Amino acid sequence: VMKKPVLILVMIKGIIFDFDGVITESVHIKSAGFSEIYKPYGPPTVNKVVKHHKANGGLSRFKKIKFYHKTFLNTSLSNQEINHIANQFSEYVVDRVVNAQYVPNALEFIKHSYGNYKLFISTGTPTTEIKKILKLKKIMKYFKGVYGSPASKSNHINVICTKNNIKSDELIFFGDSYSDLEAATKNGLKFV
């Protein structure tokens, strides 16, 4: 006798959002920031940097800066030098990101969802900077946890699951980059 397949629906308890390009229209601002930082090295370097940045959304700016100098400028940087450049980048982008438009319907979705689900941010933006941006945009209250660099998105997911007693299959990750998809897939999350 053949049994009917049983469909088991897992209750979703939380939603993880990437930030740039998912909540706000800010990817172009980050591209412009890298363009500004690398302008002194000439248009060919700027073009390579911006192309790489656009293809690798979600990757920490610290890793990007180290990679750009090593690969495009044949220069190794100390952590102090990387932090200095990252701070210049931050000064360029923070106010612009705070004033950026929301992705259509993103804010409405967040406002509608936060009463029913635990909402989280997982971004390549440094943690202190993303928290500052969320406070200035007056949306910090919607998020149960906010996670940024230097920790990886996979690490963010592990912390979210552990701290909130949520299983990975009870989470959905909304992202727009390969690193978002990779972190979700690696950890067994549904991905949009």
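Helix 8 (178-186) makes the greatest contribution to the lining of the second largest pocket, supplying 4 residues; helices (H or I, at least four residues) and strands (E, at least two) are DSSP runs numbered from the N terminus. On a 1 Å grid over the protein atoms alone, a pocket is an open set of points where a 1.4 Å probe fits, with protein on both sides within 12 Å along at least five of seven lines, and lining residues have an atom within 4 Å of a point. The model is predicted, with local features requiring pLDDT of at least 70 and side-chain atom pairs pLDDT 80 or more, whereas totals for chains, interfaces and linings use all residues. Residues are numbered from 1 along each chain as its sequence is written, and side-chain values use heavy atoms, without hydrogens and water.

The second largest pocket has a volume of about 210 Å³, a volume being the space filled by probe spheres set on the points, which are joined across faces, edges and corners. Its lining comprises 16 residues, with G58, L59, S152, K153 and S179 closest to the centre. At least two lining residues come from each of strand 2, helix 7 (153-164) and helix 8. The lining divides into 4 nonpolar, 8 polar and 4 charged residues (nonpolar: Ala, Val, Leu, Ile, Met, Phe, Trp, Tyr, Cys and Pro; charged: Asp, Glu, Lys and Arg; polar: the others, Gly among them).

For the largest pocket, the volume is about 400 Å³. Its lining consists of 23 residues, and N56, G57, G58, L59 and K64 lie nearest the centre. By class, 6 of the lining residues are nonpolar, 10 polar and 7 charged.
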